[in-house]
Amino acid sequence: MKTIAFKTLGCRLNQYETDALASTFQNNDYKLVDFDTEADIYVINSCTVTHQSDHKSRHFISQANRRNKDSVLVVTGCMANNAKEELENRDEINYVLENDNKSALFSLVEAHFKGELKHPSQLDKDLFAYGATEKGFHTRSMIKIQDGCDNFCTFCIIPSVRGRAKSRSFEAILDNVRSVVDNGAKEVVITGVNIGRYEFEHYKFDDLIEAILNLDGDFRLRISSLEPDGFGDKFLGLLSHPKMTPHLHLCLQSGSDEVLLRMRRMYNIKTFKNTVEKVRTIRPDFNFTTDIIIGFPDESETAFTDSCDMIKDMEFGHVHAFKYSIRKGTRAERMENQVPEKVKTERSEVLRGIAEESKLKYRSQFIGQTQRVLVETINGNTAKGYGEHYIPVQFEAEDLKENTFYNVSIKAIVEEKDGLLLGELI
Amino acid sequence: MNSHKVISIRNLTPSTYVIRMEKKDFTFKTGQYITLGFSGSIDRREYSIYSAEQDDYLEVLIKEVEDGLLSKKLKKCKPGDVLDVDGAFGHFSLKEDEIKNKKFMFISTGTGISPIHSFIHTHPEMDYTLLHGIRHKNEAYESESYDPNRYILCTSGENTGDFNGRVTEYLLKNPVSPDTICYLCGNCHMIYEAYDILEKQGIKLGPIHTEVYF
């Protein structure tokens, strides 16, 4: 039996695609092994959103080659699109597979072992031709609803590497959700590049979410990352649905209107705050998490302080903060007043401290409350999983089962373990 | 990405020009932009579409940028040259249900008038006021193509327009009625200031649409 190892970098969409690919290989008699062990095939599903992601991807390519020089090494994902020539010139890489034919990875590898050397350009191009994810790396079942983005934010390379926005058929998505729920999925995560812009025939994003929520079955729905500009009041109303989890990753990027304009974001601070306030009026403990870019060109000290203040005001449950890095070909590459690296690093430290405080403050409110935890890992009598607010919870009990809901009473928060909540089974 | 032949170049000022290209089967929503570059080149830039949806050609308004990579080369284009067009992109668009029954205020600076030109020429029946902010009157690109009763030229560098000063100063002196749908296109600074002014004048957050030019 041939062994295959995956390393996934970056977004949830990449995670979904890896899960689906890993499941296909396992369903066809390949054995999934850890990336740190020797394998016959290594697949690096790369990311290129920052310099750091490129650096990590290169590191894992070298690591895979060191583990087994005779392995089949495939690099796919956004770096494969953005640095194709560089990667194709590396002898240790067998195949560089761009995003639009990533779903054909299995047929590429099969052909390789049959001695039919295929060039990736000969493969089928289909952004949505992924199989089920039941044997992937996650308990939660991710459902891809769209790919690509037309927003062209000035800092972002994604439209160049993921292409134009394309939405998956409405019925295919509903069938996919029905199928994973029938196969036992308890949590469905909607994923894509810019999911709020979902549009298929006359169906918009809120129509799709409403239809998924109305499907039968004991499951809960999680929306992954959402841009603050692509939805209206109908969607906000759906956040109160009993199957909807009270969590949104709403990408802020900056707390300054001036910076948002230069980023070509399609909202301002007031509209962002209005959205958060509207939702929290109905559900005060709703978990908003976000992304912040630190040191975008010409970010003044005042603009940076505005970002820090927004974190405090919005009481984000988690902030994914990262330093701005120039992406070739984007509009921001040509902007003046690039912020020195030293300043970005200093600002990062300050902002991460504030984000950490915000996270602990937000999570502490759950002490004394009950969370419905979906168990993902079990070690002896210790179970870990996520509550409906997407906060990690650990508790102890006997006869635990993975992928099962447990009602847990939260007793404490462990600051030194990134705000992990400790609880007791009810 | 599609190849489009250049039909003509129309110089509006020594540094600003309109490239007219064949349209072929290209479709767009007025207000959107394209990316443009020479055939086979990786260097591309974004330009709002200047022409109307129904025109049988495609036009973009370009200002030559000092040390610019593409705007200088594009200016030297000749009829028959081939350019690669990708798009249309963007969400700076009019809402179909508002075009006939709403009052619009278009606020633009410099070449930010480009998508507004497309709006107005696609829907000439619209009830609109156009505010165009420039430094000198020779930058009033094809101002004769707008209804003079609806066009207000703001010149900040000389007293030759309908109003001497920036568009933001005009807005402060001439408040906009709260039931107006506003579209702002131009540099960040203008948009940031104008947004603030309009909001204070009672324009609700929803009906303000912006497109930033750099």
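**Figure 1. Bridge between Val189(A) and Arg222(A).** Val189(A) has Arg222(A) of strand E12(A) as its bridge partner. In this predicted model, local features need pLDDT of at least 70 and side-chain atom pairs count only at pLDDT 80 or more, while totals for chains, interfaces and linings use all residues. Residues are numbered from 1 along each chain as its sequence is written, and chains are lettered from A and ligands numbered from 1 in the order in which they are written. Strand E9 (residues 187-191) of chain A and E12(A) pair in the parallel sense over four bridges. Pairing requires at least two DSSP bridges between two strands. Helices (H or I, at least four residues) and strands (E, at least two) are DSSP runs, numbered from the N terminus.

**Figure 2. Open sheet of chain A.** Three strands of chain A lie in the order E6-E9-E12, with parallel pairing. Strands E6 (141-144) and E12 (220-223) of chain A are at the edges with a single partner strand each, so one side of each has no neighbour in the sheet. From one strand to the next, the twist averages 30°; angles run from 0 to 180 degrees between N-to-C directions, with axes fitted to C-alpha atoms, for helices over the stretch in contact.

**Figure 3. Contact of chain B with chain A.** Eight residues from chain B and eleven residues from chain A make up the contact, which is defined by C-beta atoms, placed from the backbone, within 7 Å. Helix H5 (residues 188-200) of chain B gives the most to the chain B side, with three residues.

Definitions and conventions: Two residues are in contact if their C-beta atoms, placed from the backbone, lie within 7 Å.
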